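Thanks for coming. I will go through one model today and keep to contacts and salt bridges.

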2 protein chains.
Amino acid sequence: MAKKSTEPTSANAAAARQVPMRDFSRSLPMSLLRAREAVMRQFRPSLREHGLTEQQWRILRALAAIEAAEVTELARTAFLLGPSLSRILRDLEARNLIERKTAKADQRRSMVSISKEGVKLMASVAPSSEAIYAEITQRFGARKLAELQEMLGELEQSLAGLGAGDEASAEE
Amino acid sequence: MAKKSTEPTSANAAAARQVPMRDFSRSLPMSLLRAREAVMRQFRPSLREHGLTEQQWRILRALAAIEAAEVTELARTAFLLGPSLSRILRDLEARNLIERKTAKADQRRSMVSISKEGVKLMASVAPSSEAIYAEITQRFGARKLAELQEMLGELEQSLAGLGAGDEASAEE
DNA sequence: GGGAGTTACTTAACATGTTAAGTGAATGCG
DNA sequence: CGCATTCACTTAACATGTTAAGTAACTCCC
């Protein structure tokens, strides 16, 4: 072995390919990520025009669907982690898009609800949002879309309660 | 209409529900997000034990599959935006997991490749990663998984070149 | 009723997503 | 050649994701 460092680069890559591994670009996480990005790319410009991020929009929609909610419940509904929600609620409150008041019975809890301005903003965004969704549905096909959502739900179900960290297997 | 501000909260939520809108929790973006999160939740602990984030792992895998790549190409492969990749490469280089050298022909380009240490790290992570993937495949079903990936790819395709911003429809 | 434990949330710290601006190197064209 | 434009990448700024720690309010049980 005379030459030691002629092309370490290629040698390393070759060695790396010996590590058994699926084709990277076809992994399930990547497929899901790309699909979601393809979808969100359609919505972001419209939301942006109205000064909303994807997550802020999720929160407003979630609040519109329920009278009022505790922060924890809202986090579950909008599928956000507590810390993210905490920050976003602070901003949305400062913009008067939501209202909050601490629950009487339990001072720890705070009830969050959408404000009149929040409703107005939703009403101004909803049309284009719906139009985009309709376009996506048309392009992909309504039936296939329903099938896809069904499969995604099943995937979620089949992984529920796996690797949640510390729950015993099934006994106990 | 005597009482005006007894429960403005409920009134706003009621008004909001007049805004025509699909059921929030069943929207495609949410379905995709939840499915992806259910999947990634399985992988994160293992990656974390090895000191890697999901994105760092994506980059290492992408580099293992190709001899060396320019940053832009790598961004496309690992599905990361330029700025994110730029930061991550800086960190991975500091940890000696990758190597980079500027191309001779074009000083703007830099070629990135995996290092010997990077290969070792990959080899140490791959087994558990593969085991997790196998578990997911088994739970969900290999056939259904293939179907799902097929549909996700079709979805991505059907949205390609829609709302990319400024390309003319089809002419010119 | 008082202190340990729990709960609901918030802060903090670090990493990435997202968009815009910056920088230096190549290209093209008059 | 000279200079505007484009290109490849990096920095910057702000928002969220992710985990850990902090804080105040509530529960429980001795």
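I start with conventions, then the DNA side, then the salt bridges.

This is a predicted model: local features need pLDDT of at least 70, side-chain atom pairs count only at pLDDT 80 or more, and totals for chains, interfaces and linings use all residues. Residues are numbered from 1 along each chain as its sequence is written, chains are lettered from A and ligands numbered from 1 in the order written, and side-chain values use heavy atoms, without hydrogens and water.

DNA strand D is surrounded by 26 residues, where near means a heavy atom within 4 Å. By class, 7 are nonpolar, 8 polar and 11 charged; Asp, Glu, Lys and Arg count as charged, Ala, Val, Leu, Ile, Met, Phe, Trp, Tyr, Cys and Pro as nonpolar, and the others, Gly among them, as polar.

Which residues meet in a salt bridge at 2.7 Å? Asp106(A) and Arg108(A). A salt bridge here is a side-chain nitrogen of Lys or Arg within 4 Å of a carboxyl oxygen of Asp or Glu. Asp106(A) is buried at 17% relative accessibility, while Arg108(A) is exposed at 71%; buried is under 20%, exposed over 50%, partly exposed in between, with a 1.4 Å probe and protein chains only.

Over all chains there are 26 salt bridges.
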